[in-house]
Amino acid sequence: MKEIIQKDFEIFLGEEVLEHLSAVLIENSYSKVFVLMDTNTQRFCWPLLSPYLVNFFPIVIPDGESSKSLVQAEKIWETLQNNMADRRAVLINLGGGVISDLGGFCAATYKRGIDFINVPTSLLGMVDAAIGGKLGIDFLSFKNSIGLFKHPKYIFIYPSFIKTLPSEEIRNGLAEVVKHGLIDNKSLFEKLSQLEGQAIEKAGNLIFQSLKIKADIVKKDPFEKDIRKSLNFGHTIGHAIETWSLLNDAIPLKHGEAIAIGMICEAYLSYEILGLPLSELEAINAYFTKHYPKYKGALNNDILIEYMQNDKKNDAGFINFSLLKRIGKAKINIHCQEELIVKAIDYYRKNNS
Ligand SMILES: NC(=O)c1ccc[n+]([C@@H]2O[C@H](COP(=O)([O-])OP(=O)(O)OC[C@H]3O[C@@H](n4cnc5c(N)ncnc54)[C@H](O)[C@@H]3O)[C@@H](O)[C@H]2O)c1
């Protein structure tokens with residue numbers, strides 16, 4: 001079993017972590033154990049976890065982003081309250097990023113905060129969403145607009161959960177794994193480039209390397225004042241493309257697919273502004289064009305820039321980027337001219353038409 005022990009949280013990864021979770025629950029003498037899951041994780045993951053738990057209260061919600069809502073939050077608080085959860089109760093979040101964001105938010109606010117434990121079941125959850133303490137719900141159609149920072153007490157990563165994850169969900173999470181390599185560890189990117197298809201499910205060590213990058217960055221800068229911004233590489237243009245696709249496409253791009261396009265465009269900006277070597281720009285472009293579908297919609301530059309101007313990461317009215325000096329070395333707080341952003345989107349179009 002691999003471990004990362006930090007001041008505020010502990011992460012365990014391996015095939016034996018569910019057994020360890022059971023021991024940790026006993027050690028902490030929690031008064032009651034609640035388990036939040038969605039309909040898919042109830043079907044696929046709960047049967048693997050439940051043998052390790054005794055005396056628990058399951059809470060099942062519909063799967064999908066629409067559950068990251070005040071309505072579901074109320075239902076969770078209601079279940080906690082109706083079952084007389086006190087401040088020594090614990091909530092286990094068994095699911096992807098929707099479950100850890102929502103469950104963490106409910107636990108952190110119930111009776112001014114009870115412990116919660118993340119057991120991520122999606123690749124995105126394992127390498128990203130379950131770590132870092134950003135919690136929240138979507139409100140009035142704004143994503144993550146109500147929330148707070150608080151770390152889970154423990155994170156238990158059982159890589160075998162990925163076996164039942166649909167392939168598009170693996171691709172979704174893989175974009176963040178690749179991003180961690182691009183901003184912090186060139187050899188991780190090279191190893192991923194050599195993996196056939198989506199074989200990440202068999203590569204627990206790569207999952208560990210990836211999540212360790214996020215955990216180390218979060219430890220240095222928990223509230224995203226500085227180095228944590230490097231995790232936004234690909235996300236300024238990527239989020240704009242994700243919003244565009246949500247509003248215009250019958251089957252919108254998944255977050256990871258939009259971020260993959262964002263990373264190609266922002267690698268181009270890195271080449272133009274920070275002198276990222278051309279060979280590295282080409283390697284990044286080659287990786288994503290090989291593993292991610294081409295976007296078929298007609299992106300409108302002006303509207304994308306407008307979305308970027310409204311991005312919450314902006315700084316003093318400038319569209320703010322985290323870019324790459326080279327693969328494995330990120331630089332934060334870079335402002336770019338709009339014409340260059342358009343050139344970067346054109347670079348993606350040219351290479352993917
Ligand atoms: N807090 C953070 O730092 C952070 C970071 C990144 C993303 N997020 C949030 O995470 C969410 C996206 O996370 P996600 O991609 O994990 O989405 P998700 O939780 O909706 O999971 C994706 C789908 O996979 C299913 N699923 C999960 N595990 C499964 C398994 N083992 N087998 C079969 N099906 C399974 C889910 O039921 C769901 O249908 C977004 O709301 C995003 O805002 C948060």
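Trainee: What should I keep in mind about the model and its numbering?

Mentor: The model is predicted, so local features need pLDDT of at least 70 and side-chain atom pairs count only at pLDDT 80 or more, whereas totals for chains, interfaces and linings use all residues. Residues are numbered from 1 along each chain as its sequence is written, and side-chain values use heavy atoms, with hydrogens and water left out.

Trainee: How is the area buried between domain 1 and domain 2 to be read, and how much is it?

Mentor: Buried area is the accessible area (1.4 Å probe) that two parts lose on being put together, summed over both. Domain bounds come from an automatic or database domain assignment, which here gives domain 1 (2-164) and domain 2 (167-196 + 224-351). Between them about 840 Å² is buried, with carbon and sulfur atoms giving 62%. In domain 1, Leu123, Leu124 and Val127 lose the most area to domain 2, together 49% of what that side buries.

Trainee: How many salt bridges are there between domain 1 and domain 2?

Mentor: A salt bridge is a side-chain nitrogen of Lys or Arg within 4 Å of a carboxyl oxygen of Asp or Glu, and the count between the two domains is one.

Trainee: Is Gly256 buried or exposed?

Mentor: Buried means under 20% relative accessible area and exposed over 50%, with partly exposed in between (1.4 Å probe, protein chains only); Gly256 counts as buried because its relative accessibility is 0%. Leaving aside neighbours within four places in sequence, Gly256 is in contact (heavy atoms within 4.5 Å) with Asn172, Ala175 and Tyr292.
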